[in-house]
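Hi,

Here is the structure I promised to pass on.

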Amino acid sequence: MKKKLALILVFGILLSILAGCAGTGDDPAGTDPTEKPAETPAATPEDEATAGDDEGEVENLNLTGFPIVNETIYLKGFGGRSPDSQPWEECVLHQLYEEMTNIKIEWELADVENIAEVRNIKLASGVLPDLFFQARVPVIDQMTYGANGMFVPLNDLIDKYAPNIKAMLEDEGYSDVKKMWTMPDGKIYSISGVVAPDNKVGRMPQKWWIKMSYVEECNDGKIPETTEELYQFLKNVKAKYPELTPLSCHRFRWIRRHFKGSFGLGNRSAYTHEYVSWDEENNTVVVDITTDRYKEMLKYLNRLYTEDLLDPMIFTQEMASYVANGKEHKYAIIHGNTPGVFGFTEEEWNTEGQENSWYCGVILEGPYGDKIMSTYMPQSFMPGQFVITSANKYPEATMRWVVYFMDGAEGSLFVIAGVEGVSFDIDPETGLRVAYKTEETGKQYTWTSSYPVYISSVDIINGGHPTPDTPYGRALDLLYETRPESVWGEFTYTKEETERMATLKADIEPYIEEVEAKLITGEMSFDEWDNIQNNLKKMGLDEYIEIYNIAAKRFEGN
């Protein structure tokens, strides 16, 4: 298959050379090229009736293999990309996949940093793309636009055209995925990436990483095991290296999520439920900022911030400056995926005694005796990454377009790495994939965005799952033991609940983020705590908790 894909790419390039550039040749499907970029309004019921033949075979569609369609079809897509990436039409693997499938997609892309705003404008306009891909459509929008017919239910399409996805949803090992994808009306409106049951590292992407050279120099080689020991370690680093920023992260919310576990919060995963936890004693959802434990956590963070132990740029951190500082060894402990973000190789950060050695087995017990891995992810991550709209006249082919990515093997590898000889080589000594670098070739190979649509299986991890004979593997085993007993995915809401929660969330959640930042930086006094609680009550906190409880019980009961 790998050789076949590479040959297809070469063949496609030759065709492009023969046909000329930028559509100067004949349209391959014999269609007027001016029709392809036209904006497509939401389809009427009459239009939807012609979108596919539910009674028999769909014209021009192959049920298995490639190409997906015999004659080329054209779609318009909306997606989220990394800010520095090239247009997807220029992506090598996208061009290859067009040749494989006979499906050509014209993309409108928004940077992932502001995709919500652009996506909302697109939805409000009523002028829809044929599909949203890696566009982070939230559950609330899925219910809203599914109910009014703008999003196509995928249940029947999955049954008929996505056998691997259908099998996954029927597999007990993926039972939480079905809960997360299925809306209260019984319909599935989106597909998202999934972590296979045996992939531990995939469920723990964000972790503490401590630079071992600073541990040796400033802490007698001892890894901090409590929040107070961490505080002392940070003070030691600052005393020895005043120019350093001991604790940092690209985004403050990542640090907040993990500290919650040290204070007994985030016990159903702060990764997906950033503002609430589960009160085991009273069997109810609790909003974290209303608890004494959260107040103590904010006081702890205020102490770190005011003593220059927490990065003063933590609330406005730009990725470029964060990476630059990391490369210059200005951080002693960070929170994120791996130190690879700073350009260090795995051989460097995962080898003891190396100058750039980092370790992620940092488990911090808090003042109440808690040490929960509160950033443990649900099995399906980032909802709404693949949505078909009512404007799409080829929903069956569009479903088949995404099915390949959801096999946990060749297709999933294609999404994240591509094809050997096309976008990566295999190192003969290590057996590891070595990706072609855009800065060296001038080409972009994969769709660039976080949370891709694929199954993250052990089989496609480069080099396999980390093993206990490495510091990384040992650390992952330790962290896994502190995972929450139960993990909530994104909740689903009825149409009425969706409308109310949209309003309540818009008031309550930004207010929480505003006041916690002010409390940490000292701009607001903790003497204002009672006023904060009263303000939350006025914003509808009780109704927010009531609806959250209904959704939690629905999730647990599915």
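**Starting with the sheet**

Four bridges join β5 to β9, and these two strands run antiparallel. Before I go on, note that this is a predicted model, where local features need pLDDT of at least 70 and side-chain atom pairs count only at pLDDT 80 or more, while totals for chains, interfaces and linings use all residues. Residues are numbered from 1 along each chain as its sequence is written, and side-chain values use heavy atoms, with hydrogens and water left out.

A few words on terms. Helices (H or I, at least four residues) and strands (E, at least two) are DSSP runs, numbered from the N terminus. Two strands pair if DSSP finds at least two bridges between them.

Now, which strands make up the open sheet? There are four, in the order β6-β9-β5-β10, and the pairing is mixed. β6 (247-249) and β10 (358-359) stand at the edges with a single partner strand each, so one side of each has no neighbour in the sheet. In general, strands of a sheet pair through backbone hydrogen bonds, either parallel or antiparallel.

β6 and β9 (residues 333-336) run parallel and are joined by three bridges. L247 has I333 as its bridge partner in β9, and C249 stands opposite H335 in β9. H335 is also the bridge partner of W208.

Where do the β9 residues point? I333 and H335 point one way, I334 and G336 the other way, and all are buried (buried means under 20% relative accessible area, exposed over 50%, partly exposed in between, with a 1.4 Å probe and protein chains only). As a rule, side chains in a regular strand alternate between the two faces of the sheet.

Helix α19 (residues 471-480) lies across β5 (207-211) and β10, running at about 140° to β5. Axes here are lines fitted to C-alpha atoms, for helices over the stretch in contact, and angles run from 0 to 180 degrees between N-to-C directions.

**A buried helix**

Next, look at α12 (residues 252-262). Ten of its eleven residues are buried, so α12 is largely enclosed by the rest of the structure. Among those buried are F252, W254, I255 and H258. The buried residues of α12 pack against β5, α11 (227-240), β6, α13 (292-306), β9 and α20; contact means heavy atoms within 4.5 Å. Just after α12, G264 takes a positive phi of about 80°.

**Helices against helices**

How do α12 and α20 pack? Their angle is about 85° and their axes are 13 Å apart. That makes α12 roughly perpendicular to α20 (angles under 35 degrees count as roughly parallel, over 145 as roughly antiparallel, 65 to 115 as roughly perpendicular and the rest as oblique). F252, R253 and R256 in α12 meet E513, E516 and I520 in α20. By class, this contact of α12 with α20 has two nonpolar, no polar and four charged residues (Ala, Val, Leu, Ile, Met, Phe, Trp, Tyr, Cys and Pro count as nonpolar, Asp, Glu, Lys and Arg as charged, and the others, Gly among them, as polar).

For α11 and α13, the axes come within 11 Å and cross at roughly 5°. That makes α11 roughly parallel to α13. On the α11 side, T227, E228, L230, Y231 and L234 meet Y300, R303 and L304 of α13. Five nonpolar, one polar and two charged residues make up the contact of α11 with α13.

Then there is α5 (residues 139-147) with α20 (residues 495-521): they pack at an angle of about 135°, with axes 9 Å apart. That makes α5 oblique to α20. I140, M143, T144 and A147 of α5 make the contact with K495, T498, M501, A502 and K505 of α20. This contact of α5 with α20 divides into five nonpolar, two polar and two charged residues.

**One arginine, and the whole chain**

R554 is found in helix α22 (residues 541-557). Is R554 buried or exposed? At 18% relative accessibility, R554 counts as buried. Leaving aside its neighbours within four places in sequence, R554 is in contact with P184, T492, Y493, T494 and E497.

Zooming out, the protein chain has 22 helices and 14 strands. Of its 558 residues, 52% count as buried. Among contacts in the protein chain between residues at least 6 apart in sequence, 76% join residues at least 24 apart.

Cheers
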